[in-house]
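Biologist: I am new to reading models like this one. Could you walk me through a few features?

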Amino acid sequence: MSKKLTKTKSWNSLEKHYKKISNVHLKSMFEEDKKRGKNLVLKDLGIYFDYSKQRITNKTLNLLLGLAKERGVEAKRDAMFSGKKINVTEDRAVLHTALRAPRGSKIIVDGKNVVPGVHRVLKKMTTFSNQIRTGKWKGYTGKSIKNIVNIGIGGSDLGPVMAFEALKFYCDRSLTFRFVSNVDGSDFAEAVEGLDAAETLFIVASKTFTTLETMTNAETAKKWSLSHLKNDKAVAKHFVALSTNKEKVTAFGIDATNMFGFWDWVGGRYSMTASIGLSLMIAIGSKNYHEMLDGFHQMDEHFRTAPLGKNIPVIMGLLGVWNNNFLKAETQAVFPYDKYLHRFPAYLQQLTMESNGKQVTLDGKNVSYETGPIYWGESGTNGQHSFYQLIHQGTKIIPADFIGFKESLNNLPPHQDYLIANMIAQGEALAFGKTEKEVKAEGTDSELAPHKVFNGNRPSSTFFLDKVSPANLGKLVAMYEHSVFVQGAIWDINPFDQMGVELGKKLAQNIIPELQDKNAAIKHDSSTNALIKFYRS
């Protein structure tokens, strides 16, 4: 049992330190250290990580690194990579890193090296995706597959759709890809609009093959497909499964040879590099897919081996703890300045909030401090014309991550220069602001001047990479995965279960028959009863 976080020596030192610097403005920090913009930077793996605009000093950083050491971040990291069952509530190893480990690596779980199994699935995925891409895989009527519809939810949807959008530049444009996740029938109806069933393949992603939303959509997909193809045998040629439940997969009508498995040591939100990535491999091809896996692995190795003070995910995680627990920032914004990454903030919402939105420690004790912040964001420059007003002049502290690329995949001068100029300017404005004196010096009258004041002192980090690529996407995702791990280790919580999603789903199972049968007895609270009656009426 680890010592209570708020009782540790390093935490108390940070609290005392915060009181001393809480009112120090970023402007003063930069004036006192002329090399701050160069010193508080990490460069590795082609990533330029500037955290100089965070509200920290060198002492803050050293105290945070001391906290990481006292909380055993290194030992916990090593336990994860070695295959120990660190997901204590579910008694499971946590080995999404094994999904991108090179062939020949050795990672033991329950006495067995799991890496060969990973590569067997990757080989099977490669063979299948090549058959689809070359037209060798034929549908029931003999036509080649032209449309791929991925059916999943949570990690079985957010990962594939985010990565597909991010890497659309590398996709085979002769193929159509659509994604269905919501149990709302409109999601499915729009996904199949205009598609030829004879040329459509459905990828059903559900580990247990029992997930309500996914299986409801899968059954609807089967009805839609058979309404056009008129023979139950067509299912085997137009459906494949990403699952571990062979019995239910075959009962559905899918050939067991077209089931792509994965393992209980892969959490849903960490599964985009498992077989869950099949739709992406079909879209971008196996070569690009393996380049993405290599990007993941590069960041995994950086996190595993780099010293804490030179470790990108470690510094990110510690800054998150500082902002969340000392600056009392309740949210974290992520602003990718590349349209291809427009779904990246949504992906991070599940990764971060499902992981660290926890109220008890590993030993089941209520936490006495804030854990996971709310993640949100939008691609630049769109966000600048909606919510940046709140970030700049609102009353809340909202730390921001800016993610930019030196090159555009679509070189249309002067677009990229304008885009990146805006990104850099936003970080500068958030940090330094504009005083009333500066506003008046520009000719603004005294009455209007207060409305144009920017207080500044708003923390942000900036990440630069060369361009959007499969490898760089892998690095970015793994970077955030491991920063989440660091924060969970500090807070002494389990980032790898998600029991908070269960209660509402279980209650829904009770309500479904009450909605469908108008004569069914209703035994809930007065509000729930009234809502059910209103719907039934």
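Biologist: Which strands does helix α12 lie across?

Modeller: A word on the source: this is a predicted model, where local features need pLDDT of at least 70, side-chain atom pairs count only at pLDDT 80 or more, and totals for chains, interfaces and linings use all residues. Residues are numbered from 1 along each chain as its sequence is written, and side-chain values use heavy atoms, with hydrogens and water left out. Helix α12 (residues 278-305) lies across β5, β6, β7, β8 and β9, at about 160° to β6. Helices (H or I, at least four residues) and strands (E, at least two) are DSSP runs numbered from the N terminus. Angles run from 0 to 180 degrees between N-to-C directions, with axes fitted to C-alpha atoms, for helices over the stretch in contact; contact means heavy atoms within 4.5 Å.

Biologist: In what order do the 5 strands of the open sheet come?

Modeller: In general, strands of a sheet pair through backbone hydrogen bonds, either parallel or antiparallel. Here the order is β6-β5-β7-β8-β9, with parallel pairing. At the edges are β6 (176-180) and β9 (259-260), each pairing on one side only. Two strands pair if DSSP finds at least two bridges between them, and β8 and β9 have 2 bridges. L242 stands opposite F260 in β9.

Biologist: What is the order in the open sheet of 6 strands?

Modeller: That one runs β1-β2-β13-β12-β10-β11, and its pairing is mixed. Its edge strands are β1 (41-44) and β11 (374-377). Strands β12 and β13 run parallel, joined by 6 bridges, and D401 has S461 in β13 as its bridge partner. Helix α16 (residues 415-432) lies across both β12 and β13.

Biologist: How many cavities does the structure hold?

Modeller: Rolling a probe the size of a water molecule over the atoms shows where empty space is left. The structure holds 4 cavities of 30 Å³ or more. A cavity is a set of points on a 1 Å grid over the protein atoms alone where a 1.4 Å probe fits but cannot get out, and lining residues have an atom within 4 Å of a point. Grid points are joined across faces, edges and corners, and a volume is the space filled by probe spheres set on the points.

Biologist: Which residues lie nearest the centre of the largest cavity?

Modeller: Those are M316, G320, Q332, Y375 and D401, from a lining of 13 residues. This cavity holds about 120 Å³ of space, and α13 gives the largest share of its lining, 4 residues.

Definitions and conventions:
On a 1 Å grid over the protein atoms alone, a cavity is a set of points where a 1.4 Å probe fits but cannot get out, and a pocket is an open set with protein on both sides within 12 Å along at least five of seven lines; lining residues have an atom within 4 Å of a point.
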